[in-house]
Amino acid sequence: MSVKEADKNFVYDPSDPIIMADPFPIYDKLREEDPVHWSPCLKSWVITRYSDVRDPLLSDNLSVNRLTKFYSNLPPRQAAILKDIIHYLNLWLVFRDPPDHTRLRRIMRHAFTAEAIVQMRPNIEEISQILLDRIDRNAVNKVDLIGDFASRLPAYVIMDLLGVPRDMMDDFKKWSDDMSVFIGGARNSLDKYERAADGCQKMAAYFQKLIKERQANPRLGFLMDLINANEEGDTLSDDELVASCILILFAGHETTTNLIGNAARLMLEYPDQLNQLLANPDLIHSAIEEVMRFDGPTNALVRVVSKDHELHGKQLHEGERVFVMVNSANRDPRAFVAPQVFDIRRQQNRHLTFGQGIHVCMGAKLSREEGRVALQALLKRFPYMVLDPDDTPDWIDAMVPRGMSRLPVVVKPSH
Ligand code: HEM
């Protein structure tokens, strides 16, 4: 019996609703009993220990380029549907290995400066208040915190960053949601290729127009910085600019939604921690880091084996897909003291939620700021909010992101 056949006895089915709601018990089991697990249902390796997740992200045994093989294996009809989206995704630095990645990152970092991000703080505060006012005005007790707050705030922030008018929100949300069923690895969507292609085409057309306008009428801001970003005379081509805008919008939207949603849910599930935060607002920094670690928005990262190698006695072959399970690594007792305890005062917290190595998140500063401002504004406005006792959250059915598509809460005016 081969190693892969033997692993079939170990049942790990991420689409099981029980696992979707709480994947952590199975991660504990995988980490201890089968840390390099072959999943027949995913047809992929599932790697769960902290150092086994971190180290390959720092090495070149794994590649981020899973598009080339995926695209070349597609039947002609599907390849035709996905032609445009693959064209743009191929220009995303997050899907490129060196040297292409090195070049794109060196140019793009000129736009991702600390000042550009600090300048967004007033926008984040203003958007939080607008959204909370809207909930207040509706005067209903029951609120879906994802739809009414957590998913809107990061979308408006990224739109402000890129200079997209806020009234484009519904279009951008739809295009981004359509793309995410493909990119985030949703399982149960039959028309996911058509939806993703349509979302990508519409978003690309919008950014082509916006970039042309900005080139013709320069105006200070992040988009102008991206257009002007220059590394020894090398700049982003028009296609790379469009692709990068789509990436930034996409990368910064769902991830931060899930951070804010998961943060709110954890605070309501752990009232002792909530009370500590309310009593000592300075804890917001370590609280957001602890949310990232304990139940963060990055469930997994996807890689492809680029060099045959062995890990814990298993042979990983070139071309095989690997899920490095960040949320499992973040609960590994080899790396964290009392990892199953949600402790907003935790000091030693080297979680892997923003990735590691050359692809480490470029928007970490911005999303941390969004998480902190959003959670504080929410708790200040609704200190007596509770999880809806008559309802349960809906979890996102995907391997890569970790979050909810709906979080029902009751916004009580007082105890
Ligand atoms: C809580 C929110 C966020 C989380 C958890 C997150 C997480 C990540 C992770 C794990 C990666 C590495 C992916 C990999 O190695 O395959 C990444 C890359 C990236 N992120 Fe984020 N991200 C967040 C928000 C943002 C925001 C707000 C932006 C933009 C403003 C952004 C822009 C990027 C970019 C451009 C990359 C690609 C970097 C590269 O490939 O070199 N992210 N992010």
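**Ground rules**

I number residues from 1 along each chain as its sequence is written. The model is predicted, so I take local features only at pLDDT of at least 70 and side-chain atom pairs only at pLDDT 80 or more, while totals for chains, interfaces and linings use all residues, and side-chain values rest on heavy atoms with hydrogens and water left out.

**Entry 1: the whole chain**

I began with the overall fold and found 19 helices and twelve strands in the protein chain. Helices (H or I, at least four residues) and strands (E, at least two) are DSSP runs, numbered from the N terminus.

Next I looked up the radius of gyration: it is 21 Å, close to the 22 Å that the globule rule gives for 415 residues, so the chain is as compact as a globular protein of that length. For the record, that radius is taken over C-alpha atoms, and the globule rule is 2.2 Å times the number of residues to the power 0.38. Along the principal axes, the C-alpha atoms fill a box of roughly 60 × 55 × 40 Å.

I then checked burial, and 54% of the 415 residues count as buried. Buried means under 20% relative accessible area, exposed over 50%, and partly exposed in between (1.4 Å probe, protein chains only). The accessible surface of the chain comes to about 18600 Å², with 53% of it belonging to carbon and sulfur atoms. These areas come from the Shrake-Rupley method with a 1.4 Å probe; for residues, only the protein chains shown count as cover.

For contacts (heavy atoms within 4.5 Å), I took pairs at least 6 apart in sequence, and 73% of those join residues at least 24 apart.

**Entry 2: around the ligand**

Which residues are closest to the ligand? I noted H101, R105, R303, H359 and C361, out of 28 residues that surround the ligand. A residue is near a molecule if one of its heavy atoms lies within 4 Å of it.

H101 places a side-chain N or O atom 2.7 Å from an oxygen atom of the ligand. R105 has a polar side-chain atom 2.7 Å from a ligand oxygen, and H359 also has a polar side-chain atom 2.7 Å from an oxygen atom of the ligand. The elements that give two or more residues to this shell are helix 7 (100-108), helix 15 (238-269), strand 5 (301-305) and helix 19 (364-381). Helix 15 gives the largest share, seven residues.

I also sorted the shell by class: 16 nonpolar, ten polar and two charged residues. In this scheme Ala, Val, Leu, Ile, Met, Phe, Trp, Tyr, Cys and Pro are nonpolar, Asp, Glu, Lys and Arg are charged, and the others, Gly among them, are polar.

Is R31 buried or exposed? R31 is buried, at 2% relative accessibility, and it sits in helix 3 (residues 24-33). Its side chain makes a polar contact of 2.6 Å with the side chain of D28. A polar contact is a pair of N or O atoms within 3.5 Å; within protein, one must be able to donate a hydrogen and the other to accept it, and residues adjacent in sequence count only if both atoms are side-chain atoms.

The R31 side chain also reaches the backbone oxygen of S328 at 3.0 Å. Beyond four places in sequence, R31 touches T48, R49, S328, R331, D332, P333, R334 and Q340.

A polar atom of the S328 side chain lies 2.7 Å from the backbone oxygen of T48. Setting aside neighbours within four places in sequence, S328 is in contact with Y27, R31 and T48.

Most residues other than glycine have a negative phi, and most peptide bonds are trans. P99 is in the loop between helix 6 (76-89) and helix 7.

E232 is not a glycine, yet its phi is positive at about 50°. I found E232 in the loop between helix 14 (222-228) and helix 15, exposed at 79% relative accessible area.

A338, also not a glycine, has a positive phi of about 45°. A338 belongs to the loop between helix 18 (326-329) and helix 19 and is partly exposed at 41%.
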